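Here is a short report on one protein chain. Please look through the sequence and the model before reading on.

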Amino acid sequence: MIRVIAALLVCAGSWAGLNAQVQPYVKQLHSLGLFGSEVTRSATLALPPLIAMTSLSKELVVLNGSSFDQVFSYPQLPNTLSALFFTAEGSLVSARIDGQLNYWDPLKGTMTRSLTAHSRGILECVQNVYGQLVIAGSDNTVKLYDPIKGSDVASVNLDPERLTSLAVHPNGKIVAVGLASNKIVLFDSSLTPTKVVIELREIPATLKFSSDGRLLASGGSDGRIRLWESLAWTPWTSESVQRGPISSLAFDPAGRWVVATSPDSSLVFYNLRDLRTATSLYGQGSVFTTVGFLSMETMMTGSSTGTVAFWRVLDRPPDTTAPTLTILRPARYTEDAPSRIYAKQYDVLGVVYDENRIDQVVVGGVTATLTDSRQSNALGETGLKGKEFQASVQLAAVGINRIEVEAKDSAGNVATQTLFIRRLAANEAVEILAPAENAETEHVAMEVEIKPWFDVASYSISVNTVDLVDHRSGVRVRTGDVIREEVPLIVGYNQIGVTLVSKGGERFTKLVGVNRKFSAAITEAVRRPDAGAAKGLGPQRWAVIVGVSGYANKGIPSLKYADRDAEALAAFLQTPEGGAFDADHMRILINKDATLSNLREAMIDFLQQAIDKDLVVIYFAGHGAPDPTRPQNLYLLTYDTDPNRLGTSAFPMWDIQTVISRQIAAKKVVVLSDACHSGGISVDVATRGLDVTQSNPINQYLAELARAKEGMVVFTASAAGEVSQEFPELGHGVFTYYLLEGLKGAADLNNDYLVTVNELMAYVEEQVKRKTRGAQNPTRSQTTYDKELPMAVLNK
């Protein structure tokens, strides 16, 4: 029974695994005017890369597929070539219309063998996997020919049908023959008919199997491409892509496109993934006559004027953008402000993002360890791929060490960053920040501030050789952290001794002298803020209070208590205990009022009214986020923020620094931030708290922000790598709850009816840490500020 398959004009199937449109990027690499007439046939060889071409003027040329240099040429063949192909062994075979076959050594340019394979002339010739030649003759005969024995193996005469095209399946088991009667007939490897006949509405001018054998393509006399899934012979698609007959077909080796040429039109890429025309190329003063692929990225074409061109073909335009490189550790690394450490090596940490694969990150000559970034989910829809990297680099000498960081993507694009790290000498390994040598005080106790430039295993503090502070276990002090401990003083001279032991066992000791002056007063006078100062003479108090729980864009999740936290703090500041801030000296922006324009007005225009002797309090509760495409750019999210346009709809962190350093004249500035809440903002935005990374960019930036102005203190709700928590039983965020409790009196540690900024921060730090079981650790800036600054005055 003969199986007849009618051609369909619509797609009747799909190629498994192909589900996305691929728009090719095509760019000409090289062009050669090889012939004086039309290029009629071409053939390609992968290894070594060679291209063979012939023309109407009976010329034969072989080119190097890498350099495009000519390997050899035969200027005048005896007759026109009807077929040209490379054998599996690398020989070049040319077939002539007079039935003659010639074998060539393509590298030497010599003819190695010549034989007559068909007495009536050859229309098409293809080698199968068995080394036999499948020949379509001008007498409408298809035969198998053994070139070793020089004899026929099998033949079939299709008279009165006229042969138009021929293709052999890559496995050698199927021979497809095109007929002028608008049919394709299929034979097995021995030329026995398979009883499969494909009926068309046009003459199959050319036939081509894909390199994997899954598809058969027919180029019609009317410019139509048809595709079938081989073996099942299911009609797959049909579309008219040219205005004239198709003269040449080529499948992309990666299975993305089939490319067709026509003497009457352009070169067309037909997309095998979405089954439609992807793009077209048009010759300048000529048309394309032949096409073939040298590799997955290189295509060659021949034209009607004898020009041979080579093209780069990609899924998309090549990546020319360098990766985005973000250094997480050290936090400071510029030449004028280098990171400092007492060590012979340093662990550099960072994140690199790119649209392509990150191939390598080299830090100071050391290849870094790469791991998938834990922000990958948040960046998924941006098309970026992120890698965290870590490398331990040697610090060769005491002093400034210059470390080069280089990140390279799979396209060869390179991003570089220079780090300056200062290796300290042993006598610089510990700094006593306070007290100063020979300082004088009337206080009965003094806070000691120590900054070690190494990871600390244990430390102790003595006064007059008596150990008063001794921490030998559970110490979590890292390089650059500040240790704060309060010690009592006797009247007269006090020698304070500080001893620290590094994780490596090295011991360091520093001594500092302090004089406590005798005072007849048993207690100090309580420094109460003047409740009327806001309207009268003397220092005045200003505040910007922002709390956003609900956002206009539903892609940003709501917070439970951010608005309530801000309202409660604003209410307290207006009480006598909180400083009696006047309403005219406050901007309270809650939810819908906390727009970008309102926040800018409050931070810039409103706070410009403060003079140098005034106090400014800034409080923010809400979400903060880095730009997913440029993670080094950080923002506070206002009520009207669009997650997809952070750069124009959110408040940049660097604007806060600019406002504080350039717009606010006040010498005393207190910034309280609760901007790192848990919960995702949206898949389009990198969230704070959704995936906790090794560094919390928002808090880290705020901590550094305090350096923009002397006398400024920044107190954030959580440390790097942590998120703020909300407890329903407290009715507030845990940070603001204990902030309010401290201001109301719980932080009055010395019972003097005055809550100083230092007492407040110490109380909040301990209570939040206890409530969250160490999961959240409020962090204060390590800058110089008035530690006795009154934040609340209690009623006796």
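Accessible areas come from the Shrake-Rupley method with a 1.4 Å probe. By that method, the protein chain has an accessible surface of about 34300 Å². Carbon and sulfur atoms account for 48% of this surface.

## The chain as a whole

This is a predicted model. The protein chain holds eight helices and 59 strands. Of its 796 residues, 53% count as buried. Take the contacts between residues at least 6 apart in sequence: 58% of them join residues at least 24 apart.

## Confidence

The mean pLDDT of the protein chain is 84. A value of 70 or more is reached by 88% of the residues. Confidence is highest in strand E48 (residues 586-590), with a mean of 95. Confidence is lowest in helix H1 (residues 376-379), where the mean is 46.

Over residues 376-382 the pLDDT is below 50. Beyond near neighbours in sequence, the model gives this stretch 15 contacts. Residues 678-695 also stay under 50 in pLDDT. For residues 678-695, the model has 75 contacts beyond four places in sequence.

Strands E7, E8, E9 and E10 form an open sheet in the order E7-E8-E9-E10, with antiparallel pairing. E7 and strand E10 (110-116) stand at the edges. Each has a single partner strand, so one side of each has no neighbour in the sheet. On average, neighbouring strands of this sheet are turned by 20° against each other, direction ignored. Within the sheet, E8 and strand E9 (residues 100-105) pair in the antiparallel sense over four bridges. Val-93 has Tyr-103 in E9 as its bridge partner.

Which residues does Thr-87 contact, leaving aside neighbours within four places in sequence? They are Val-93, Tyr-103 and Gln-127. Thr-87 lies in the loop between strand E7 (81-86) and strand E8 (92-96). Is Thr-87 buried or exposed? The cut-off for buried is under 20% relative accessible area. Thr-87 has a relative accessibility of 5%, so it counts as buried. Thr-87 and Tyr-103 are 16 residues apart along the chain, and their C-alpha atoms are separated by 9.5 Å.

Strand E13 (residues 141-146) and strand E14 (residues 151-157) pair in the antiparallel sense. Six bridges make up this pairing. The bridge partner of Val-142 is Val-156 in E14. E13 and E14 form a hairpin, with four residues between them. In the turn, Gly-150 has a positive phi of about 70°.

## Sheet E19 to E22

Four strands build another open sheet, ordered E19-E20-E21-E22, and the pairing is antiparallel. Strand E19 (204-209) and strand E22 (234-240) stand at the edges. Each pairs with a single partner strand, so one side of each is left without a neighbour in the sheet. Neighbouring strands here are turned by 20° against each other on average, direction ignored.

Strand E21 (residues 224-229) pairs with E22 in the antiparallel sense over six bridges. Glu-229 stands opposite Thr-234 in E22.

## Strand E36 and its partners

Strand E36 (residues 385-394) runs antiparallel to strand E32 (residues 345-354), and ten bridges join the two. Val-352 stands opposite Lys-387 in E36.

Strand E35 (residues 369-372) also runs antiparallel to E36. Four bridges join E35 to E36. Here Thr-369 stands opposite Gln-390 in E36.

Where do the buried residues of helix H5 fall, seen down its axis? In H5 (residues 653-663), Met-653, Asp-655, Ile-656, Val-659 and Ile-660 are buried. Viewed down the axis of H5, these buried residues fall within an arc of 160°, so they line one face of the helix.

Ala-675 is found in the loop between strand E53 (668-674) and helix H6 (697-705). Ala-675 is buried, with a relative accessible area of 1%. Its C-alpha atom is separated by 8.9 Å from that of Leu-637. Ala-675 and Leu-637 are 38 residues apart along the chain.

Key
Residues numbered from 1 in each chain as written. Predicted model: local features only at pLDDT ≥ 70, side-chain atom pairs only at ≥ 80, totals over all residues. Heavy atoms only, no water. Buried < 20%, exposed > 50% of the residue type's maximum accessible area, 1.4 Å probe, protein only. Arc of directions from axis to C-beta. Pairing = 2+ DSSP bridges. Axes fitted to C-alpha atoms, helices over the stretch in contact; angles between N-to-C directions. pLDDT = per-residue confidence, 0-100. Contact = heavy atoms within 4.5 Å.
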